[in-house]
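I opened this notebook to record what I looked up in the structure. The entries follow in the order in which I made them.

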Amino acid sequence: MQCHRFVATPGAGIHPVRRASFGRIPRSRRLAGASTGKAEEAPIAENVSRSSESLSRNSVNGNGNGAGNGTENGAENGNGAENAKIQIGKPRITVMGNAGPTQESLNDLLTTDSGPRFERPYLAYSPPNIKTSELPVMLYLPGEDGTGLAASRQFPSLVQGFDFEALTIPAADRTDFDGLVQIVKEYLKNSLHPRAEGRPLYLLGESFGGLLALVVAAECKDLVDRVVLVNPATSYKDSFLPVIAPLLPQLPNEVYSLLPFAIAPIVGNPIQLLLRNVDLIAPTEVVVEQFIKTAGQMFGTLDFLGDLFDRDLLQWRLTLMQQGVERFDKIILDVQQRCLVVVGEGDWLLPSAKEAERLQKSLPRARTVVLPQRSHVLLQEAGVDLIEIMKKEGFYVTKRVLSCPPKPGKKRDMINNFGSAKGPIEMPSKIELYEELLKPFESVRQPVSPVNFSTLEDGTVVKGFGGLPKDRPLLFVGNHQTLGLDTFLFAGDLIQETDMIFRSLAHPLLTQVVLPEFYEGFNLGPFTPGPTSDPARLGGITRRVTTYGAVRVTGKNFHQLLSGGENVLLYPGGVREAYKLKGEKYKLFWPEQSEFVRMAAKFGAAIIPLAAIGLEDGMEIVFDAEDAKKTPIFGDYVQDQLRKYVQKARKGLTGDVGIDGEMLKPVTVNTIPSRFYFLMQKPIELSKEDYDDREKCNEIYKEVKAEVEGGIEYLQKKREEDPYKDYFVRSLYEATNPGKRAPSFKP
C-alpha cells in the first residue's frame with residue numbers, strides 16, 4: 001500500500017512524498033532522517049490544507065511550524081514562555097495508516113530540531129468527504145510521548161467529527177510547561193478561535209496532555225468551550241512515577257531502548273491492544289492474518305518508543321508532569337468549562353479511577369466515565385470509540401447554544417460565564433440537562449409532580465409556558481418558598497419545554513467558591529448555611545446553580561444581565577423569605593423599594609409575576625432562627641458566627657439590608673408531599689420612559705407584589721379542583737402511567 005506524506009513548503013504549497021507506508025524503517029534510516037521519492041502535484045491538497053493567521057508574537061524556526069527549539073531557545077534549562085515563540089503558517093499534515101501515524105511521520109519527530117508544532121492528521125487510505133467548516137473544532141494535546149501515538153486509533157473518527165488538529169512535541173524540544181501553555185494559548189487565540197467563527201472549540205488532553213488542557217482552559221475561558229480528558233496526569237504525585245524519577249540517571253543507556261517493552265503490560269492491556277484491528281467475526285484465516293499484522297505493528301510502535309525515550313527525554317517529560325501538577329493544583333477551581341473525564345479502571349500507570357472521583361468533586365463542571373478493564377492507553381484498545389462516548393454523555397455538540405444571543409456591536413464575554421453576569425452561559429445538551437438537573441431531583445419531582453401555568457395577554461390562564469413573550473428579556477419576580485428547593489424543578493421544566501433559561505440572582509453563599517480558610521471554625525451544627533460541609537471543594541448546590549445561570553445578587557449583576565438581553569429570576573424576599581419562621585407560610589417579605597422595576601424598564605424587559613405553592617404545605621417548621629437565638633449560650637454563639645462569616649446580600653438592589661434576614665435555616669420535618677403549582681401571571685410590559693417615572697415604578701412594584709399574592713390565592717383555590725392533588729391518588733396514576741404526569745385542574 002502506498003500513501004502520501006504532505007510537507008508544507010514555504011511558498012510552494014503542500015506536496016506529497018511517495019513512500020512505502022507501513023514497513024519498518026531501519027534504525028540507521030530513522031536516525032538519519034533520510035528522505036526519498038519525487039514530489040508531485042497533490043490532487044487533494046486543497047481539501048487537507050488550511051491557512052492559519054500568523055501569530056502576533058515573534059517568529060523562530062525557519063519552517064514556521066514550531067516553538068521552543070531545543071538549543072536555540074534555552075532547551076537545556078527548560079526556559080518557559082519567554083522563549084516559546086512561534087509562527088504558524090499552515091498546520092503540518094500527518095499521514096495516518098490503519099494503525100496510526102506512518103513510520104515516516106513518527107521518524108520526523110525523532111530527527112527534527114524544531115519545537116512544538118500543530119498538525120492536521122490526514123487519512124491517506126480513506127479521505128473523509130466532509131465539510132470541516134460545519135464541524136466543531138478540536139485541538140488534541142498529546143501524552144508524555146509527545147507524538148499522539150496513544151490516541152491515533154481515534155483519529156479516523158475524530159477527523160470526521162471535528163475540525164481536528166493535534167499538537168506534537170518533538171524529542172529534541174525542551175520547552176517547559178509554562179512555555180507549552182503559552183504556545184497553545186497563542187495558537188488558540190490567533191488561529192483556531194478566529195477560524196471557529198462561533199463553533200464549539202474543544203480541547204482533548206490525554207495523560208500529560210490532560211494537565212496541559214486544564215491549565216490552558218483555565219486561562220482561556222473566552223476561547224475554549226469544552227474539555228475532554230483521558231486518564232489525565234493530574235494524579236502524577238499519587239503514582240509511582242515520582243518515586244522512580246530520581247533513579248533514572250543511574251540506569252545504563254541500553255536499558256532505555258527496552259523500557260517500552262518492559263512497561264507495556266503496565267501501560268496497556270495487551271489483549272485489547274492486539275485485538276484493536278481484528279474483526280472477530282471474519283473467517284479464521286483472516287482473523288489470524290489481522291492478528292499477526294497488528295502484533296507486528298504493536299512491536300514496531302514499542303521499538304519506536306524505545307528510540308524516542310532516551311534517558312534525558314524521559315527525565316524531562318517527568319519533570320514536565322511535575323511542573324504541570326504544581327500549576328494545576330493552583331488553578332483547579334478556575335476551570336469553568338464543562339469537562340468530560342474518561343478513565344480506565346485498569347490504568348496501572350496512574351491511579352486514574354480514583355482521580356476521576358476527585359476531579360468530579362473539584363472541577364466546577366466535570367462528569368466522569370470509568371471504563372472497566374481499560375488501561376492507560378485505552379484510546380488504542382479495541383472497542384473504545386471516544387466520539388461515541390461523547391455522544392452517549394451528551395458531550396458532543398456541533399453548535400454553540402447560549403442563554404441569549406449576542407447583540408450586534410455589543411462586546412461581551414461570550415462563553416463560560418458560569419457564576420458571572422459578564423456574558424451568556426452555554427446551554428446544556430438534552431442529555432446534560434437530564435443528568436445534571438432533572439435526574440438529581442427526580443426523587444423530589446416524582447412525589448410532588450409539578451404543574452406549570454402561564455397567562456396570555458388577554459388574561460387567559462393556560463397550562464404550560466405558552467403565555468411567555470419571546471421577543472424581549474423577561475424578569476421573573478416570585479415568592480420564595482421555604483428552603484427554595486422548588487426553583488430547581490421550575491427551572492428544569494422551563495428549559496426542557498421552551499429551551500429558555502433564566503439567570504437567577506442568588507445569595508453569595510450559593511454562587512461563589514468558599515475557600516477553606518474562610519470557613520475555618522464555622523459550625524452551626526444543623527443550622528450551618530452554605531452548599532457543602534466540605535469547604536475545600538465546590539459544593540454540589542453551588543455547582544448546579546451557577547451551571548444553570550445563577551449569579552450573586554447585586555445591582556451591578558442585575559444591570560449586566562438585563563443589558564445583555566438575559567432572562568432573570570429575582571426573589572425580592574431573599575433569605576428572609578426562604579428561611580421563614582413558624583407561622584409565616586406563604587408570607588412575603590419584600591422591601592419597600594422599586595429598583596427592580598426601574599431596571600426592567602430601562603432595558604425594556606417584561607415582568608412576569610411568579611406565584612408558587614406546594615412546598616410549604618409538605619413540611620412543618622419545628623425549630624427556627626428565633627428559637628435558636630433564644631437558646632442559652634448557643635444563641636449568642638450562633639449570632640456571633642453569623643456576624644463573622646455570613647455576608648449580607650442585595651446591597652444596592654433593594655437598599656434594605658435588614659430584609660436580607662439571618663442565614664440560619666429552620667429545622668423542618670416533612671409531612672405528606674403536596675403537589676407543586678407554578679403560575680406565571682400576565683406579563684407586565686414596560687418601556688424605557690417608565691425608568692424616569694419613579695411614581696409609576698412604585699405603582700408597578702405594588703402591582704407585581706399584588707399579582708404574586710393573588711397568584712398564590714388563585715392556586716390555593718384552584719388546587720381543590722385538581723383530581724390528583726392528593727399524594728396517594730396522584731402516585732397511583734403515575735405508577736400506572738410511566739413517564740406521564742398526572743393531569744391537573746382546568747384553569
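**Entry 1: helix 19.** I began at the end of helix 19, where G565 follows with a positive phi, near 85 degrees. The model I am reading is predicted. I then went back along the helix, residues 555–563, and found G555, N557, F558, L561, L562 and S563 to be buried. I looked up what these buried residues pack against: strand 14 (474–478), strand 15 (502–506), strand 16 (551–552), strand 17 (567–570) and helix 21 (595–602).

Entry 2: After the glycine I turned to other residue types. N231 has a positive phi of about 40 degrees although it is not a glycine. I located N231 in the loop between strand 9 and helix 7. Its relative accessible area is 0%, so N231 is buried. Y586 also carries a positive phi without being a glycine, with a value near 60 degrees. I placed Y586 in the loop between helix 20 (574–578) and helix 21. Y586 counts as buried because its relative accessibility is 10%.

Entry 3: F240 counts as partly exposed because its relative accessibility is 34%. With V243 and I244, F240 forms a nonpolar patch on the surface, and I noted about 240 Å² of accessible area for the three together.

**Entry 4: D486.** D486 itself is found in helix 16 (residues 486–498).

**Entry 5: salt bridges.** I recorded 37 salt bridges in the structure. One of them joins the side chains of K430 and D499, at 3.1 Å from N to O. This pair links distant parts of the chain, 69 residues apart: K430 is in helix 14 (residues 430–438), and D499 is in the loop between helix 16 and strand 15. Are the two partners buried or exposed? K430 is exposed, with a relative accessible area of 55%, and D499 counts as exposed at 55% relative accessibility.

I next looked up R576 and E584, whose side chains meet in a salt bridge of 2.8 Å, N to O. R576 counts as buried at 18% relative accessibility, and E584 is buried at 11%.

In the bridge between K718 and E721, the closest N and O atoms are 2.9 Å apart. K718 is buried, with a relative accessible area of 14%, whereas E721 counts as partly exposed at 46%. I also noted a network in which salt bridges with shared partners join R120, D163, E165, R195 and R199.

**Entry 6: the whole protein.** The secondary structure comes to 25 helices and 21 strands. Of the 747 residues, 57% count as buried. Among contacts with a separation of 6 or more, 80% are between residues 24 or more positions apart. The accessible surface comes to about 31500 Å², and 52% of this belongs to carbon and sulfur atoms.

Note on methods. Residues numbered from 1 in each chain as written. Predicted model: local features only at pLDDT ≥ 70, side-chain atom pairs only at ≥ 80, totals over all residues. Heavy atoms only, no water. Patch = residues over 30% accessible without salt bridge, like charges linked within 9 Å, V, L, I, M, F, W, Y side chains within 5 Å. Areas by Shrake-Rupley, 256 points an atom, 1.4 Å probe, with all protein chains shown as cover. Salt bridge = Lys/Arg side-chain N within 4 Å of Asp/Glu carboxyl O. Buried < 20%, exposed > 50% of the residue type's maximum accessible area, 1.4 Å probe, protein only. Helix = DSSP H or I, 4+ residues; strand = E, 2+ residues; numbered from the N terminus. Contact = heavy atoms within 4.5 Å.
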